[in-house]
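Me: Can we go through this one together? I'd like to begin with the ligand site.

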Amino acid sequence: MIDSWSQPVTVEEMYGDWDYEAAVAALDRSLEPRSATTIFDVVGSLGVGPGDTVLDIGGREGQHALLMVERFGCRAVSVDPVRENNERGRELVAEAEHGHLVELRLGTIEQIPAEAGDFQLIFARDMLGHIEDLVPALAECRRVLVPGGHMVIFEVFATPMLYPEELQSLCRDVATVPARLSVADFEANVAAAGFTVEGLEVLGSEYVEASQEAGTAPNYLLQVSRLRRARESLIGELGEMPYRVMYGNALWSIYRLIGKLESRIYVLRRDDG
Ligand SMILES: C[S@@+](CC[C@H](N)C(=O)[O-])C[C@H]1O[C@@H](n2cnc3c(N)ncnc32)[C@H](O)[C@@H]1O
């Protein structure tokens with residue numbers, strides 16, 4: 001589904017009396033998109049502070065755990081199943097000023113290495129897309145959360161502009177479960193696992209727009225063009241799997257920019273009746 005105006009543009013209209021330079025200038029103006037750090041404002045708004053322990057599930061190398069302990073004075077446990085993430089994370093944490101407040105554990109969301117009620121808040125950023133069965137995974141989060149505790153989730157979802165065939169091929173290259181991109185499916189799973197949606201921010205394309213404006217992200221369009229034109233030589237140079245992941249990640253970001261995917265932040269509360 002793309003914008004469908006009722007009338008086609010005529011040649012006269014297209015090349016006629018309107019100011020192209022003014023249009024380009026209008027599109028050069030920033031819309032002040034929210035950047036990826038705003039998720040920590042959401043965490044802060046839930047009152048996390050000293051004495052609290054946050055679980056960063058799928059926390060990769062513990063970067064966000066470090067950021068939260070620095071900002072909120074809490075403790076954090078980062079759980080990730082990939083050994084390389086854990087090893088790189090140990091070096092990062094050892095070098096960081098507040099590293100003593102972060103613990104890295106190998107583990108999965110399906111079997112979190114923690115006791116019941118260990119955490120005041122769970123942070124799950126951009127990782128639920130990898131999970132096959134979401135209800136048991138969220139129920140496991142519920143187990144390790146204090147009664148009434150919150151989960152802050154950042155996730156990317158499909159919009160009606162994403163065609164079903166695109167969904168399948170895109171997900172294959174980024175180890176993502178296609179069903180995880182459905183908002184309806186997600187919200188039903190959340191309720192089934194014993195959580196209530198307490199907050200929702202639809203960010204749409206803002207984070208990717210912000211990173212493009214800041215120059216902190218690659219030029220994904222150029223990457224895809226090069227990946228397509230030099231397919232065989234890049235596969236030879238990088239290997240097939242890195243080639244696919246780079247292609248999938250770049251396409252993922254382009255789809256976020258053009259509205260086939262949208263990002264959202266959910267705040268869930270453990271439902272205790
Ligand atoms: C896109 S990365 C996001 C990492 C980090 N949360 C961030 O926002 O930068 C997805 C992460 O999920 C982790 N992951 C994949 N399957 C998982 C599982 N079953 N349980 C916990 N983490 C998982 C991966 O190892 C990876 O670090």
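Ligand site and salt bridges

Me: How far is the backbone N or O atom of Gly-58 from a nitrogen atom of the ligand?
Reply: That distance is 2.8 Å, between a ligand nitrogen and a backbone N or O atom of Gly-58. Bear in mind that this is a predicted model.

Me: What about the ligand and the side chain of Asp-80?
Reply: An N or O atom in the Asp-80 side chain is 2.6 Å from a ligand oxygen.

Me: And Ile-109, which part of it faces a nitrogen atom of the ligand?
Reply: A polar backbone atom of Ile-109, at 2.9 Å from the ligand nitrogen. Overall, the protein covers 84% of the 600 Å² of accessible area that the ligand has on its own.

Me: Which residues come nearest to the ligand?
Reply: Of the 15 around it, Gly-58, Asp-80, Ile-109, Glu-110 and Arg-125. By class, the shell splits into five nonpolar, five polar and five charged residues. The ligand takes up the space of the largest pocket.

Me: Changing topic: how many salt bridges are there in the whole structure?
Reply: The search finds 15. In one of them, the side chains of Arg-34 and Glu-201 meet at 2.9 Å, N to O.

Me: Why does that pair tie together separate parts?
Reply: Arg-34 is in the loop between α2 (20-28) and α3 (38-45), while Glu-201 is in strand β6 (residues 195-204), so the pair links parts 167 residues apart in sequence.

Note on methods: Residues are numbered from 1 along each chain as its sequence is written. This is a predicted model: local features need pLDDT of at least 70, side-chain atom pairs count only at pLDDT 80 or more; totals for chains, interfaces and linings use all residues. Side-chain values use heavy atoms; hydrogens and water are left out. A residue is near a molecule or strand if one of its heavy atoms lies within 4 Å of it. A polar contact is a pair of N or O atoms within 3.5 Å; within protein, one must be able to donate a hydrogen and the other to accept it, and residues adjacent in sequence count only if both atoms are side-chain atoms. Accessible areas come from the Shrake-Rupley method with a 1.4 Å probe; for residues, only the protein chains shown count as cover. On a 1 Å grid over the protein atoms alone, a cavity is a set of points where a 1.4 Å probe fits but cannot get out, and a pocket is an open set with protein on both sides within 12 Å along at least five of seven lines; lining residues have an atom within 4 Å of a point. A molecule sits in a cavity or pocket if more than half of its atoms lie within 2 Å of its grid points. Ala, Val, Leu, Ile, Met, Phe, Trp, Tyr, Cys and Pro count as nonpolar, Asp, Glu, Lys and Arg as charged, and the others, Gly among them, as polar. A salt bridge is a side-chain nitrogen of Lys or Arg within 4 Å of a carboxyl oxygen of Asp or Glu. Helices (H or I, at least four residues) and strands (E, at least two) are DSSP runs, numbered from the N terminus.
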